[in-house]
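Me: I would like a close look at a single part of this model, with the terms spelled out as you go.

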Amino acid sequence: MKTVTEQPQAFLDRHPDVELFEVVLADLSGGLRGKWVTRDKIGTVFADELKLPISALVFDSWGRDVEEWVFLRGDGDGCCVPEPRSLAPMPWGKRPMGQILVSLDHEDGTPNPLDPRRILGNVEARLQERGLQPVVASEMEFFLLHSQRDHLGRPRHTQQDSLGGALNTGQTYGLEAMAEVDEFMHAVRECCELQSLAVDTLIKESAPSQYEINLLHHPDALLAADQALLLKRAIRGIARNYERTATFMAKPFGDLAGNGMHLHCSLQDGEGNNLFDDGTRDGSVLLRQAIAGCMETLPDIMLLLAPTLNSYRRFQRGMHAPLAPCWGYENRTVALRVPAGPLSAMRLEHRVGGADAQPHLAIAALLAGMLYGIEQELEPPPAMEGNAWEQLEPSLPRDWNGALDAFRQSRFVADYLGASFQEVYGLVKQQEIDEFSRHVTPLEYDTNF
């Protein structure tokens, strides 16, 4: 048995009122699974003695087994391995609770290739073997809506004009609009401080009831992904306390901007030097290789950046979602933007992913594309200038089935993210596609009945 560290006891001493802990496991579909354990059992979690079935990683979006896969393997248990940095109080519950994020490895202690944290860790390790340390930050958009939907089941805005509509209520970057939700935003900020989630800025986004919270960058991609996941969890939990629903659904309103998850990334050497900075505004050869790799592999990993049926409603002209692999300097119409700023902060911004993407898988896909471009010494086309939507025809997968086909056929996905992950994730998404295909929509009745 592994020796129990002193950390859980120190946490218990600081938080004597905590009665229960949520053990949180991130599955492949972006869901959070796990168990509640009592205060006296937290030591067993840190001793790697808590078990969950491996299939807990492979549920679909409704928490169902992927039957084509699960029973062939006997549905055996795995071992929960805690992430000590995530041990923190949960301030949004009615009673004092704590949380701890875990990975789910095989019982013999070998890493599980289906665990999103292990998938990301493997890609990060391959970069580190080349002397490259990813520095990652995320931007998370979400809608803050009324808890109760309307009589047709549609979500209801918390920002409305005097006629009950959405006209003039977006107020992008509006400080008065932020003041209207100040108690909620302060509660989120205080929770992030309590949980050591490094928040940078809180912003009013372009659509009514839409906001964005940005996290500071970390020279640790796994930590950055953990924090993105836990930020979403905290926002949802705190919203419930204010009788609101926070949603990271990619496109809850067809005529308004969707929710994106933009990712910023640079690479450091062992001394902390930014390897994308060569002293010029153009950036280094390594930057261009990373961009070229992301561009070439983008169709293959679209399913990870846009994992649901609704995800593909974001990709419309003029809606700030890229439609083709392209890049440019300080250009928000491209898929890969190099932001302006100090040369020491030279980085790329990946603008394709939706807020519904699983953060570990999205960041793993980004890093894998960068690594591919570096290993293959690729060179990107010239940087785009002007409106990319007007200059390029859409070429990324525009629907769920097309993205699944590209993912399943990709040699890159198998080589960089794992063949077993490629197989199982494809089964998960096929099961979800099949479920949606069985349901007839009200629009079909109105049109064809």
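Which residues line the largest cavity?

Reply: The model is a predicted one, in which local features need pLDDT of at least 70 and side-chain atom pairs count only at pLDDT 80 or more, while totals for chains, interfaces and linings use all residues. Residues are numbered from 1 along each chain as its sequence is written, and side-chain values use heavy atoms, with hydrogens and water left out.

The largest cavity is lined by P322, L323, A324, C326, T333, A388, W389 and L392. A cavity here is a set of points, on a 1 Å grid over the protein atoms alone, where a 1.4 Å probe fits but cannot get out, and lining residues have an atom within 4 Å of a point. The volume of the largest cavity is about 40 Å³, where a volume is the space filled by probe spheres set on the points, and grid points are joined across faces, edges and corners. The structure holds one cavity of 30 Å³ or more.

Sorted by class, seven of the lining residues of the largest cavity are nonpolar, one is polar and none is charged; Ala, Val, Leu, Ile, Met, Phe, Trp, Tyr, Cys and Pro count as nonpolar, Asp, Glu, Lys and Arg as charged, and the others, Gly among them, as polar.

Although the lining includes the cysteine C326, a search of the whole structure finds zero disulfides, a disulfide being a pair of cysteine sulfur atoms within 2.5 Å. Elsewhere, the sulfur of C79 lies 6.7 Å from the closest cysteine sulfur, in C80, which is too far for a bond.

Conventions. 1 Å grid on protein atoms, 1.4 Å probe; cavity = no way out; pocket = protein on both sides within 12 Å on 5 of 7 lines; lining within 4 Å.
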